[in-house]
Amino acid sequence: MSASATTPRGAAPTAGRVSFPATARVLVQLAWARTRSPVLLLGIGVLVLLPMFFAVVFASRGVLSGDPVEFLVRRYDELVCALATPLIALLFGTSAFSAEADDGTLLYLVTTTTPRWWIVAVRTLFASVLTGAVSAFAVWGTGAIAVGSSDPEHITSAFTLAVFYGGATYAALFTALALLTRRALVSGLVYVIFWEGVLSGTFPALQYLSVRQWMLAVAAEFTDASDARLTSGPSVWFALGASVVLVLFTVYVGGRRLHQPRIGRVGT
């Protein structure tokens, strides 16, 4: 995991300088090998295809389908922002370290000279990029099926950017949960279903602590649509600032977590 230093003949070997690109490549290769699980890929495929199925039904009705902007805003919010993106991030985020904790590979990783914060940063970036890319594909595919190449009121392009941002933020959140709790999957589901699905809808002040509402704030910044659900949450600057704080928190706290000698089981 680190570059070997050149030592004089007869001298004891010493630890060399860490090659950050090389260690990042190894960490990504390990993460990618564990991501290609058939069950994981099947679950993600269902979540991506669900909004596209509704788009097929919408397109098949022709002129009887109604307003495409209203349809797309509702499907993007309810099926992608509220369901697909957080669940995909939950799968990628909680699996970032749990498999290696189970088979002992994580203990090997943390005994190398690679900085712990770098291990957490690379794994968080890997989960964030995958979640953002898959979520953005779900939005783009749904829009392409429903309205073809047109983009009424820039709604599809706005949500493509928003879910990529939201996917990265969710992935950072759930990676932190995987490092800090032994029941990251359950904790993540409670956050998505109870906090974002029930509490933030009942108490508007809690929308400031909802990644879903942060996504809608970003989407509202890039679209001309005036749907009420796009304008009822926090501002886009609050959303972006909160995401930066969350990512820094994940890297810092996760790095300190890996410094602890007894890692035990991480995630679920």
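# Close-up views of an all-helix predicted model

Figure 1. Leu 173 counts as buried because its relative accessibility is 18%, and buried means under 20%. The model shown here and in the views that follow is predicted. Leu 173 is part of helix H7, which covers residues 155-180. Leaving aside residues up to four places away in sequence, Leu 173 touches Tyr 191, Val 211, Leu 246 and Thr 250. Val 247 lies 74 residues from Leu 173 in sequence, yet the two C-alpha atoms are 7.5 Å apart in space.

**Figure 2. The whole protein, for orientation.** The protein has eleven helices and zero strands. Read from the N terminus, every element is therefore an α in the series α-α-α-α-α-α-α-α-α-α-α. The protein has 268 residues, of which 47% count as buried. Of the contacts between residues at least 6 apart in sequence, 77% join residues at least 24 apart.

**Figure 3. The aromatic pair of Tyr 76 and Phe 159.** Eight aromatic pairs are found in a search of the whole structure. In one of them, the ring centres of Tyr 76 and Phe 159 are 5.1 Å apart and the planes stand at 40 degrees, so the pair is tilted. A pair of aromatic rings is described by the distance of the centres and the angle of the planes.

**Figure 4. The aromatic pair of Tyr 170 and Phe 174.** Here the two rings are stacked, with 5.8 Å from centre to centre and 15 degrees between the planes. Tyr 170 and Phe 174 both sit in helix H7, four residues apart, which is about one turn of the helix. Tyr 170 is buried, as is Phe 174. Helix H7 also holds Leu 173, the residue of the opening view.

**Figure 5. A cluster of aromatic rings.** Tyr 208, Trp 214 and Phe 238 are linked into a cluster by ring pairs.

**Figure 6. Helix H3 against helix H9.** Two packed helices are described by the angle between their axes and the distance between the axes. The axes of H3 and helix H9 (residues 211-222) come within 10 Å and cross at roughly 135 degrees. That angle makes H3 oblique to H9. The crossing of the two helices, H3 and H9, is right-handed. On the H3 side, Asp 77, Cys 81, Ala 82 and Thr 85 take part; they meet Arg 212, Met 215 and Leu 216 of H9.

**Figure 7. Gln 213 in helix H9.** Gln 213 has its place in helix H9. With a relative accessible area of 10%, Gln 213 is buried, since the cut-off for buried is under 20%. Apart from residues up to four places away in sequence, Gln 213 touches Gln 207, Gly 233 and Pro 234.

How values were computed. Residues are numbered from 1 along each chain as its sequence is written. This is a predicted model: local features need pLDDT of at least 70, side-chain atom pairs count only at pLDDT 80 or more; totals for chains, interfaces and linings use all residues. Side-chain values use heavy atoms; hydrogens and water are left out. Buried means under 20% relative accessible area, exposed over 50%, partly exposed in between (1.4 Å probe, protein chains only). Contact means heavy atoms within 4.5 Å. Rings of Phe, Tyr and Trp (its six-membered ring) pair if their centres lie within 6.5 Å; planes under 30 degrees apart count as stacked, over 60 as edge-to-face and the rest as tilted. Axes are lines fitted to C-alpha atoms, for helices over the stretch in contact, and angles run from 0 to 180 degrees between N-to-C directions. Angles under 35 degrees count as roughly parallel, over 145 as roughly antiparallel, 65 to 115 as roughly perpendicular and the rest as oblique. A crossing is left-handed if the near helix is turned anticlockwise from the far one by less than a right angle, and right-handed if clockwise.
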